[in-house]
Amino acid sequence: MEKIVTVDAVKKTYGKGNQKKTEALKGISFEVEKGEFVGIMGASGSGKSTLLNLLATLDKPTEGQISINQDDVTKLSGNQLADFRSREIGFIFQDFNLLENLTAAENIAVPLSLQGVKAKEIHRRVSEVAQRLSIDGILNSYPAQISGGQKQRVAAARALITQPTILLGDEPTGALDSNSARDLLDTMEELNQKDQVSILLVTHDPFSASYCQRILFIKDGVIYQEVKRENQTREAFYRQILSVLGNLEQ
Amino acid sequence: MLLKLSLTGIKGRLRDYIVLFSGLVVASGIFYMFEGLATNTAFLESNSMVKSIVFIFHLGTVLLSIITFVYILYANSFLMTMRQKDYAMFMMLGAKGRKIAQLIFIETFVVGVSATIVGTLLGIGLSSIVQQLLVKQLAIKITHFTAVSSSAALFTLIFFTVIFLLAAFVNAMTIVKKPILTLLRAGETPMPANRKPFTLLLEVISGIAFLAIGYFMMSQVMTLAFFALITALITIVLGTYFVFHSILIFVLDLLKRRDSIALKKLNNFTLSQLSFRIQDYTRILSMVAMLFALALGAITVGLGFHNEIMKMTDATSTYDLVLNNGQEFTASDLKGLSTSSDVAYQQKEDQDTVYYDREQFNQTPFKTKVFTSNRQTKTVGFDGEKLASDVTASDQLRTLELPEQSAKKHQFVSNQEFAALPGKTTELRLITVKDFEKDRDALTKLANENFQKNPTLDKDMGGMSQKALVYELYNALFSGFEFMGFFLGIAFLTMLASCLMFKILSGAKSDIQRYSMLEKIGARQKLLKQSIRKEIGILFLVPGLLGVTHVLFGLQMFKTLLSDPYSNLWLPFLIFFVLYFVYYLLTVWIYTGIVMKREG
């Protein structure tokens with residue numbers, strides 16, 4: 001299988017010069033293969049947000065390497081980083097992060113405009129992805145006029161429209177009610193299985209995590225344990241996750 | 001403890017506070033300078049031919065007070081957007097509402113009053129600098145002008161203290177009355193206003209119509225007088241409002257519909273930001289456009305008066321220097337002049353007649369100015385025959401003669417006859433120079449020597465024949481106008497640009513998230529900065545353009561006062577735009593610093 005994300009001995013230390021130093025990540029290594037649905041779990045302060053920021057290329061590791069689609073992202077800077085993000089990474093955030101003065105369609109189109117795609121092509125791809133996520137009925141609404149679940153679908157459409165190498169989800173169900181959350185997770189699973197979209201999900205919610213194929217548990221800046229779903233039912237995997245979490249907290 | 005927290009809060013936002021503080025300092029400084037003039041009745045009356053000038057300045061005070069008040073409200077809301085999350089946090093930590101209100105009150109009041117004191121001192125300093133600069137640069141003659149005025153200082157202090165008391169009270173009340181959650185979530189944008197296309201179109205049409213009526217009325221001020229003025233004022237204010245309330249939104253909408261524009265880079269975002277902003281900014285943008293027109297108009301007309309000085313002088317005098325008994329002036333007396341022509345008409349006189357040599361006038365005709373139909377003058381030449389036959393022509397010559405000569409008859413005789421006449425030959429010497437401005441000091445000196453050598457010349461009457469003295473007269477007359485126009489213009493400009501700046505900046509906080517999100521999805525920093533520059537640029541440009549249009553049409557009204565209000569327009573426009581542009585750059589700089597803080 002093709003490796004699309006390689007994290008190699010990554011350390012991240014906060015605090016400069018004489019300030020007290022905090023080691024958020026103490027040497028983490030793992031890989032994500034094309035078409036995988038990987039979860040990262042951990043308590044608050046475990047370093048999972050730090051890891052996400054590094055993967056999202058919003059921050060740089062103090063030591064170690066991160067490659068996404070064979071590019072060493074730790075070596076990129078400024079414009080290269082911005083272009084890399086718009087090309088290779090799709091984001092879904094907990095608080096949607098939609099631009100509330102643009103309509104849903106316009107929000108979805110922003111990444112393509114940034115890449116200089118022609119208007120005609122933009123329209124075609126927006127309606128394609130909207131249909132895929134069943135939001136074609138609300139394309140001309142503003143974020144304030146639609147529900148949380150719909151907002152997150154719009155955000156997912158915006159993340160997917162560039163056909164990124166990897167979709168990063170930062171607690172994407174965190175602000176949704178349970179029905180909307182289940183809908184979104186079903187959709188993500190379908191995208192993963194049918195369209196081979198690689199997904200990396202950061203969450204502390206065991207239910208969301210149970211949709212993943214593999215979960216990395218992080219504690220105090222290192223990978224504490226790794227579990228795989230394999231042929232288990234989702235309910236069985238969910239219980240396994242709960243028991244690991246139980247051990248994690250002791 | 002709370003005071004300490006509050007102080008740390010200020011320290012954390014030192015740059016924003018410095019901007020706010022200096023804005024307030026400039027506002028009070030300008031207010032002081034203006035009051036320094038307005039309360040100085042002696043200065044106003046001695047520098048203006050218009051009786052109502054004191055009234056005009058009182059009107060100016062009222063206008064300036066209103067702008068200052070609005071300005072302080074905006075500056076205050078900027079202060080509040082910076083602080084309200086801190087206050088909400090204090091309240092969450094258990095600080096009592098009353099305590100917070102006290103804190104806000106003290107903070108607003110202390111910042112305001114200390115800014116006013118510094119501003120008044122700055123105003124005194126600026127007054128004397130402006131005075132010296134204007135006096136030197138524009139050769140303006142102003143009298144009774146003092147930089148330090150206790151009544152102006154007192155008025156400024158009282159005015160600002162009252163406004164800050166009010167502002168502090170309003171601030172304290174709003175913070176305490178708002179639920180904590182609203183404060184914590186402050187800065188989220190409201191829903192887009194849904195306007196029916198038909199109403200929008202109706203507003204667009206009526207906006208254009210109002211402006212058209214207003215502009216037409218301003219060109220009719222000569223015939224319709226006050227009716228035109230008042231109609232113009234009302235329709236232009238309405239038209240300006242509609243431009244921002246509908247026309248601009250209409251245009252932005254059209255742009256957004258064009259895929260080739262909207263779907264390029266961040267254009268759609270910038271356009272949407274603008275159309276959301278403008279709904280919220282309608283009133284301030286209309287006010288800015290009107291004040292822009294007033295300020296630019298004041299400077300343009302002020303400088304127009306400056307141009308008038310030389311024009312009026314040129315229109316009255318043909319020759320740059322008139323020397324009676326010119327034979328008494330030697331070549332060395334005239335050494336300092338860059339003479340371009342020097343004519344000496346010889347005179348002989350008896351009891352009741354002054355004789356001239358006709359041939360001399362045929363050789364170099366006597367030149368004088370006559371009025372043409374459209375209040376312009378032109379130079380005409382009279383030769384010996386014309387002078388001999390036409391009394392009005394020779395009367396022109398009379399105005400340059402000594403009083404005892406001009407009372408006598410004139411005879412223009414032939415060369416031989418003139419030579420045969422008995423008596424002493426004197427000369428009426430008429431000189432023009434290549435560069436009047438350059439030689440003005442020398443000309444003034446010679447003109448005064450001419451008075452000394454010819455004591456019968458009445459300085460009050462005869463002064464009108466000496467161009468250098470005519471110049472001084474007009475200079476004194478118009479300088480007051482010029483100074484006031486300049487002063488009013490600069491004062492209004494600073495206030496309106498500051499208002500706009502703080503209004504834009506107080507919206508910056510809510511944009512932080514938008515820009516950080518765009519950055520996350522891969523928008524280059526350069527692109528984000530470009531978007532900011534475009535957005536703020538349009539918010540500055542549109543009221544500016546509208547203001548310029550108002551001025552261009554408005555100058556029609558000054559056709560009665562100024563011979564050509566449109567001449568040398570580039571100078572006031574340039575001064576104005578440079579200042580306005582500095583404000584634009586400052587706004588962009590601070591705004592970028594706020595929304596893209598992570599990099600800063």
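The model is predicted.

Helix α10 of chain B runs from residue 226 to residue 257 and has 32 residues. Its first and last C-alpha atoms are 44 Å apart, close to the 46 Å expected at 1.5 Å a residue. The kink in α10(B) is about 45° and is centred on Val243(B).

The two chains touch each other. Chain B brings 21 residues to the contact, and chain A brings 22 residues. On the side of chain B that touches chain A, at least two residues come from each of α11 (259–262), α12 (267–316) and α21 (512–520). The most come from α12(B), which gives five residues. By type, this side of chain B holds eight nonpolar, seven polar and six charged residues.

Within chain A, helix α5 (residues 148–160) packs against helix α6 (residues 178–195), and their axes come within 9 Å. These axes cross at roughly 20°. Angles under 35 degrees count as roughly parallel, so α5(A) and α6(A) are roughly parallel to each other. The crossing of α5(A) with α6(A) is right-handed.

Specific residues make up this contact. From α5(A) come Gly148(A), Gly149(A), Gln152(A) and Arg153(A). They meet Ser180(A), Asp183(A) and Leu184(A) of α6(A). Of the residues in the contact between α5(A) and α6(A), four are polar, two are charged and one is nonpolar.

Definitions and conventions
Residues are numbered from 1 along each chain as its sequence is written. Chains are lettered from A and ligands numbered from 1 in the order in which they are written. This is a predicted model: local features need pLDDT of at least 70, side-chain atom pairs count only at pLDDT 80 or more; totals for chains, interfaces and linings use all residues. Helices (H or I, at least four residues) and strands (E, at least two) are DSSP runs, numbered from the N terminus. The expected span of a helix is 1.5 Å times one less than its number of residues. The bend at a residue is the angle between axes fitted to the seven residues ending there and the seven starting there. Two residues are in contact if their C-beta atoms, placed from the backbone, lie within 7 Å. Ala, Val, Leu, Ile, Met, Phe, Trp, Tyr, Cys and Pro count as nonpolar, Asp, Glu, Lys and Arg as charged, and the others, Gly among them, as polar. Axes are lines fitted to C-alpha atoms, for helices over the stretch in contact, and angles run from 0 to 180 degrees between N-to-C directions. Angles under 35 degrees count as roughly parallel, over 145 as roughly antiparallel, 65 to 115 as roughly perpendicular and the rest as oblique. A crossing is left-handed if the near helix is turned anticlockwise from the far one by less than a right angle, and right-handed if clockwise.
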